[in-house]
Amino acid sequence: MIFLLQQMLFFSMPLMVVAVGGLFSERSGIVNIALEGMMIFGGFVGILFLFLFTGRMSGQYALAIAMGLATLAGMFLGLMHAYASVTMKANQAISGMALNILAPAVAVFVAKEVTPSELIPFRQRFFIPVVPVLADIPILGPVLFQRAYITTYVAIAVFVVSLIVIKKTRFGLRLRASGEHPHALDAAGVKVSRIRYAGVLISGGLAGLGGIIFFIPTSVEFSASVSGYGFLAIAVLVFSRWEIKRIIATSFFFGLMQTIASAFSGIPFLAEISFIPAEFYRMLPYVATLVVLSLSRGESAAPAAIGVPYDVSAR
Amino acid sequence: MEMLRVYSSLLAIVAGLLTGLIVLSITNPGQAWAAFNTMLFAGFRRGLRSVGNVVYFASPIILTGLSVGFAFKTGLFNIGATGQLLFGTYAALHIAIRWTFLGPFAWVVGLAAAVIAGALWGVIPGILKAYKGVHEVVSTIMMNYIALFLVNFLVRRNIYNSLNNESLPVPRGGIIPKFGFDRVFAGSNIQGAFVVAVVATVLIYILLNKTVLGFELKAVGLNRHASRYAGIDEKRRIVIAMMVAGALAGAAGAGIFLSDSLTFLKVHDTMPTEGFMGISVALLGLKEPIGVFLAGLFFGYLIVGGQTMQLFDLAPEVIDVITGMIVYFSALSLVFESLAVKVFRKLTREGEP
């Protein structure tokens with residue numbers, strides 16, 4: 001049971017971070033379907049660093065640097081996306097798809113050059129066996145503080161900071177205004193393009209960070225795929241109706257579905273006694289998102305100016 | 001003005017290829033130029049045999065390219081070609097493998113089933129878009145993953161080869177005939193999918209340019225509100241556009257798997273690449289059927305070139321880097337294009353008395 005809860009945490013945390021990343025971009029008015037590519041690229045750069053410098057420094061420091069690099073890698077793709085969609089006013093969905101094609105291609109190409117296969121292995125040694133004192137708390141202790149990864153704490157910190165930034169700061173207000181009514185923002189003397197650049201860059205950084213948070217606890221190698229987690233994060237964002245407070249619950253719900261599905265493949269006995277095949281649990285988040293979308297009378301929840309390049313002269 | 005659009009596509013190709021050359025030079029400076037040259041001319045290296053292989057890789061992505069391009073014409077971005085292709089593939093495989101009583105006609109029924117299944121998968125986001133205002137980019141992404149897991153489930157249940165974790169081989173009668181093209185392009189892997197792609201290109205060209213429906217679809221794509229004002233039921237047109245787009249992607253699925261090229265539908269968590277390739281093909285082909293056909297051949301040519309990279313100890317994925325850059329640049333060039341059109345209009349207007 002504890003194992004399953006911990007597994008659910010490992011599935012939910014990357015979803016939460018990447019969905020929050022998506023929120024920053026979409027709230028500023030820029031569609032970001034490149035989350036998948038940004039995750040892959042972040043995971044790739046971070047794990048490439050771990051692979052090249054393995055053994056030269058202590059585990060947690062190496063992991064911290066890898067997370068930093070993953071964030072920067074994601075921001076680089078964010079910059080490409082922002083240049084296309086803000087400066088060049090290009091179709092944001094097309095630019096996003098281009099990055100989704102580009103990121104895994106670069107990752108596989110480089111991986112094949114530095115390793116014999118297309119996989120980049122890393123040594124699994126990043127968990128903290130027991131966090132003193134905190135580990136003794138009933139239920140929460142074993143889940144959060146035994147065999148724990150700092151990636152989990154980073155994810156929680158990202159969520160809390162993002163919540164404050166979006167809800168309580170001037171930048172957060174401007175970000176939301178940029179997605180709802182950019183002309184009002186412009187009239188108030190704020191450069192819309194600057195806010196949108198910031199939103200997309202933060203989005204890329206968080207998606208890149210989410211990429212490495214995805215790989216570290218659940219895998220031992222990088223494989224140029226995050227199994228559709230970037231797209232699942234879009235589902236999380238839409239299901240949460242672009243509301244940051246709802247993202248945490250949605251991530252846990254979608255993470256739970258993944259856990260049930262993967263528990264089936266781990267324990268074949270479960271699959272045999274269940275009436276519902278594992279694939280249906282994998283499908284459920286996407287079906288639920290479609291249902292929510294079609295019931296909520298269209299996109300009333302989505303930022304009003306999303307996907308529309310800002311045109312000063314249209315004011 | 002038409003030429004302007006062609007130039008912007010050519011510009012995207014050149015920019016993409018240059019990026020590829022840079023990537024090669026960084027990884028293997030000594031052989032980059034030789035490798036790049038080999039890649040560029042591999043599609044003709046062994047004459048008709050190589051050309052046949054180009055056509056083999058081009059056929060399915062021409063069909064998905066037509067699917068994406070057709071939806072673009074009605075102002076819709078069909079990211080869901082992947083899911084439509086998967087669902088169509090399953091329908092085709094199920095009939096070809098299980099309905100053996102059809103004998104030599106199994107491929108006809110299989111292909112038709114793929115078209116219908118793909119259309120069904122396309123119609124759902126179409127209806128959601130037209131009547132519920134759900135953006136098609138989001139809904140087609142969801143439909144892709146629903147299709148992936150549903151098809152995995154169905155394959156494992158009905159047509160499963162558990163030894164290789166993939167679908168069972170297709171019997172003779174289920175394979176789309178090659179109409180003699182395998183003798184013209186002897187030694188190549190060319191498949192009947194080529195004929196399907198040619199027929200589809202012609203049909204879509206006629207539909208878009210010679211019929212009232214095509215005119216209405218394009219009108220809805222240019223301005224939904226003006227079309228409604230002109231008496232076109234724009235919601236219905238959106239549903240029809242997604243249905244046709246889905247049907248084309250479904251046909252692509254049948255084209256890939258109802259063949260003797262030893263391709264089987266794997267049961268795993270990754271999407272077939274042909275769906276997303278369709279986006280690249282449609283953009284490079286300027287969303288026009290003939291353009292899409294040529295762009296499909298170009299990408300097929302690139303794929304054959306990528307395979308020669310192993311001779312130089314380089315990964316064939318360099319062509320995916322090139323593809324990604326081409327899509328990125330064509331996103332930018334769409335802007336150049338509309339800008340240039342505006343300038344052009346202004347100039348001509350000033351020129352008039």
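The contact between the two chains takes 38 residues from chain A and 39 residues from chain B, two residues being in contact if their C-beta atoms, placed from the backbone, lie within 7 Å. The elements of chain A that give two or more residues to the side touching chain B are α4 (92–114), α10 (229–239) and α13 (278–295). Of these, α4(A) gives the most, with 13 residues. By class, the side of chain A that touches chain B has 24 nonpolar, eight polar and six charged residues. In this classification Ala, Val, Leu, Ile, Met, Phe, Trp, Tyr, Cys and Pro count as nonpolar, Asp, Glu, Lys and Arg as charged, and the others, Gly among them, as polar.

The model is predicted: local features need pLDDT of at least 70, side-chain atom pairs count only at pLDDT 80 or more, and totals for chains, interfaces and linings use all residues. Residues are numbered from 1 along each chain as its sequence is written, and chains are lettered from A and ligands numbered from 1 in the order in which they are written.

Chain A has 13 helices and four strands; helices (H or I, at least four residues) and strands (E, at least two) are DSSP runs, numbered from the N terminus. The radius of gyration of chain A is 20 Å, close to the 20 Å that the globule rule gives for 315 residues, so chain A is as compact as a globular protein of that length. This radius is taken over C-alpha atoms, and the globule rule is 2.2 Å times the number of residues to the power 0.38. The C-alpha trace of chain A spans about 60 × 45 × 40 Å along its principal axes. Of the 315 residues in chain A, 56% count as buried. A residue is buried if 20 or more other C-beta atoms lie within 10 Å of its own, exposed if 12 or fewer, and partly exposed in between, with C-beta atoms placed from the backbone. Among contacts in chain A with a separation of 6 or more, 79% are accounted for by residues 24 or more positions apart.

Chain B has 14 helices and two strands. A compact globule of 353 residues would have a radius of gyration near 20 Å, and the value of 21 Å for chain B agrees. Taken along the principal axes, the C-alpha atoms of chain B fill a box of roughly 75 × 60 × 35 Å. Buried residues make up 56% of the 353 residues in chain B. Of the contacts in chain B between residues at least 6 apart in sequence, 77% join residues at least 24 apart.

Two helix pairs of chain A illustrate the packing. Helix α3 (residues 59–87) and helix α9 (residues 192–218) of chain A have axes that come within 6 Å and cross at roughly 140°. Axes are lines fitted to C-alpha atoms, for helices over the stretch in contact, and angles run from 0 to 180 degrees between N-to-C directions. The crossing of α3(A) past α9(A) is right-handed. A crossing is left-handed if the near helix is turned anticlockwise from the far one by less than a right angle, and right-handed if clockwise. The contact of α3(A) with α9(A) has 17 nonpolar, 10 polar and one charged residues.

Helix α1 (residues 2–27) of chain A packs against helix α6 (residues 150–168) of chain A at an angle of about 35°, with the axes 10 Å apart. Here α1(A) passes α6(A) in a left-handed crossing. Residues of α1(A), including L9(A), M13(A) and V20(A), meet residues of α6(A), among them T151(A), A155(A) and F159(A). This contact has eight nonpolar, three polar and no charged residues.

Most residues other than glycine have a negative phi. W242(A), which is not a glycine, has a positive phi of about 60°. W242(A) lies in the loop between α10 and α11 (244–266) of chain A and counts as buried, with 20 C-beta neighbours inside 10 Å. In chain B, N165(B) has a positive phi near 55°. N165(B) is placed in the loop between β1 (160–161) and β2 (166–167) of chain B and is partly exposed, with 13 other C-beta atoms within 10 Å.

S330(B), in helix α14 (residues 318–351) of chain B, is buried, with 30 other C-beta atoms within 10 Å. S330(B) and A12(B) are 318 residues apart in sequence, yet 5.7 Å apart in space, C-alpha to C-alpha. Neighbours within four places in sequence aside, S330(B) is in contact with S9(B), A12(B), L283(B) and L284(B).
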